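Open the model in your viewer and keep the selection tool at hand. The stops below say what to pick and what to look for there.

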Amino acid sequence: MSSVTERLLEIQNLDVIYKTDEETVYAVNDLSLSVYKGETLGLVGETGAGKTTLALSIMKLLPERTGRILKGAIHLQEFPVTAMSEADMRALRGEMVSMIFQDPMTSLNPIHPIGMQIAEMLLLHKKQLSKAQIEERVDQILTLVGISPDRKGDFPHQFSGGMKQRVVIAIALACEPQLLLADEPTTALDVTIQAQVLQMMKRLKDDLGTSMILITHDLGVVARTCDRVAIMYAGEIVEMGRVEDLFQGDYHHPYTTALFGSIPNLTKKTKRLQAIEGLMPDPTNLPAGCKFHPRCPRCMEICQKEAPGAADRKGHQVRCHLYAEAAKD
Amino acid sequence: MEHIAQTVVVPKIKKKSQLASILHRYRKNRLAVLGLLIFLVLVFMAVFANFIADYDGQAITQNVRNRYMAPSAEHIFGTDALGRDVFARVVFGARISLSVGIVTIMFSLTVGSVIGAAAGYYGGKVDNTLMRIMDVFLAIPQTLMAICIVAALGTGTFKMLIALSIAQVPQFARIVRSAILSVKGQEFIEAAKAYGSSDVRIILRHIIPNAMGPIIVQATLSVATTILNITMLSFLGIGVQAPTPEWGSMMSEAKGQLRNFPYLVTIPGIFIALTVLSLNLIGDGLRDALDPRLKN
């Protein structure tokens, strides 16, 4: 993390629901979060924890008829995202904040050459550029992601999965956005390509000074690329801190401890990996008190009644009654 | 891996432009090329009808002494009940059939696409309102509807064109809507939104081109149906007015003589069939040629 801690993104007490005729899904609950300039924040959690919903809320791209921001505010620098009109948002998307989708196989339009798809981003946001300048920029950005500019006339189906993801990254970075939301950018790729793509993203991010929210459920990826980590569970951030804080010490949320217990460790001898008992709570019917209490090995009486606040230790926050004392300090 | 781009010397391959590669793929389909050739001959015939035959002298002037002449060097398709040269009538008939057929489809395709695109893309109330209106139109048989509109507006080629266009709009709206629904849910549409594309841009640049296949096929098929509809309206006496030559009315005028002078019916029939066939072959070829995934 850079020493200059200028805030780029601030989310305060965000509640997002998906409302259909039959039920209401509480996808994000009272979530607060900040991202500083130039840093990478890892957003980790199980499937259905609300990670993608959070990213879509920042882009304001929640499914129109069902998804709704119930309360809370999102500020992207001086822009109040939650209060902005659709037309203003459109100008922001791609220019200020860009998103990399999970599956490169489907996130490129199959009938346009990739060069044109990169150019489109520039046409939308950099209207002052001439045709030649756009072409030049397309070549430049393709070279940056390691694809020969000679191939800009090729169609998506002519590229491999890893190359497609690089094209997607090229599109996302074409306008040099301030914030990049990467929604599991490497999940659809095989392990060797994963490493390449992550390394490249990190390098580009550093070169362009972009901040990034990296959504993943791979703790290995987090350890390698992130500055700070937020662990999400049932729409809440249960623990957030610097990577070193998360990967060391005992000051952890029981869920984080359980997560780390469920990945193989090279140094310790373990017979069997520890799975977390039970399932994620039903998001239409969340438990009272701490959302993790039905599965928590260290559950106390208070956990069933009262939702814990965030206990902060030098910027390392844990939302658990176990550390309630620390919060009072 | 960052150095790949710099270290690997890629031999410069000459890239074809998009149009050239579409043409290249189209050319591979022999039948489509045949269809295009037939169609071009018909268009040529329609455009240069004045140079091929004499309108006033041969196509509309009655000459009863020459009636029912068998095909010969002078009248290569023979003459009809009123002694008019069938070849000249066929040549001039191509004008009406092709122009009305194509203009009708262009008009109904445009209107239908806009309605279908709005319905498919926005969904919900917009979709329901627009499609229920289209359903009302669909519920009335196309021919009956065209007849009703002509009855209300009066006869004439231009009015017939309007009637046929309105009758074709609902099916294009339906096809475009369903094509859009199948493309809309894909991730690249969401990605396009995430780049800040507007709705209109997403529909025009990302959705419609992806849904082009079925639309083009339907359009070429509909030109064929429309040509048949013109025939039908002319037969009922509310389409192209006599003595203007038109393939359909030529057939219906001669239908009583099918047994004695079969060429009077079959010759315009062959031309209708050729037009319809060539359009279908073209549609088929275009669908394959426009799909870049089939490129090799």
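Predicted model: local features only at pLDDT ≥ 70, side-chain atom pairs only at ≥ 80, totals over all residues.

**Stop 1: confidence in chain B**

For chain B as a whole, the mean pLDDT is 82. In that chain, 92% of residues reach 70 or more. For the complex, the predictor gives an ipTM of 0.72 and a pTM of 0.73.

**Stop 2: chain B as a whole**

Show chain B as a cartoon. Expect 14 helices and 0 strands. Along the principal axes, its C-alpha atoms fill a box of roughly 85 × 55 × 30 Å. Of the 296 residues in chain B, 39% are buried. Next, look at contacts in chain B between residues at least 6 apart in sequence: 68% of them join residues at least 24 apart.

**Stop 3: helix α8 of chain B**

Select residues 142-153 of chain B. This is helix α8, with 12 residues. From first C-alpha to last, α8(B) reaches 16 Å, close to the 16 Å expected at 1.5 Å a residue.

Which residues of α8(B) are buried? Pick B:Gln142, B:Ala146 and B:Val150. Look down the axis of α8(B): the buried residues fall within an arc of 70°, so they line one face of the helix. They pack against α9 (157-184) and α12 (212-235) of chain B. Turn to the other side of α8(B), where B:Leu144, B:Ala151 and B:Ala152 are exposed. Then step to B:Gly154, which follows α8(B) and has a positive phi near 100°.

**Stop 4: the interface**

Show both chains. Here 33 residues of chain A are in contact with 24 residues of chain B. On chain A, select α2 (86-92), β6 (97-100), α3 (114-125) and α6 (191-208); each supplies at least two residues of the side that touches chain B. Colour that side of chain A by class: 14 residues are nonpolar, 12 polar and 7 charged.

**Stop 5: the nonpolar core**

The largest nonpolar core has 154 residues. Select A:Ala170, A:Leu181 and A:Ile213, which touch the most other members. Then select helix α6 (residues 86-122) of chain B, which gives the most to this core, with 17 residues.

Go back to A:Leu181. Not counting residues up to four places away in sequence, A:Leu181 touches A:Ala55, A:Ile58, A:Met59, A:Val97, A:Met99 and A:Ile213. In soluble globular proteins, nonpolar side chains tend to be buried together.

**Stop 6**

Most residues other than glycine have a negative phi.

Select A:Asn13, in strand β1 (residues 7-19) of chain A. Phi of A:Asn13 is near 45°. Is A:Asn13 buried or exposed? A:Asn13 counts as exposed because it has 11 C-beta neighbours inside 10 Å.

Finish at A:Lys60, in the loop between α1 (51-59) and β4 (67-76) of chain A. A:Lys60 has a positive phi of about 60°. With 21 other C-beta atoms within 10 Å, A:Lys60 is buried.

Technical notes
Residues numbered from 1 in each chain as written. Chains lettered and ligands numbered in written order. pLDDT = per-residue confidence, 0-100. Contact = placed C-beta atoms within 7 Å. Helix = DSSP H or I, 4+ residues; strand = E, 2+ residues; numbered from the N terminus. Nonpolar A, V, L, I, M, F, W, Y, C, P; charged D, E, K, R; others polar. Buried ≥ 20, exposed ≤ 12 C-beta atoms within 10 Å, placed from the backbone. Expected span 1.5 Å × (residues − 1). Arc of directions from axis to C-beta. Core = buried A, V, L, I, M, F, W, Y, C linked by C-beta atoms within 7 Å.
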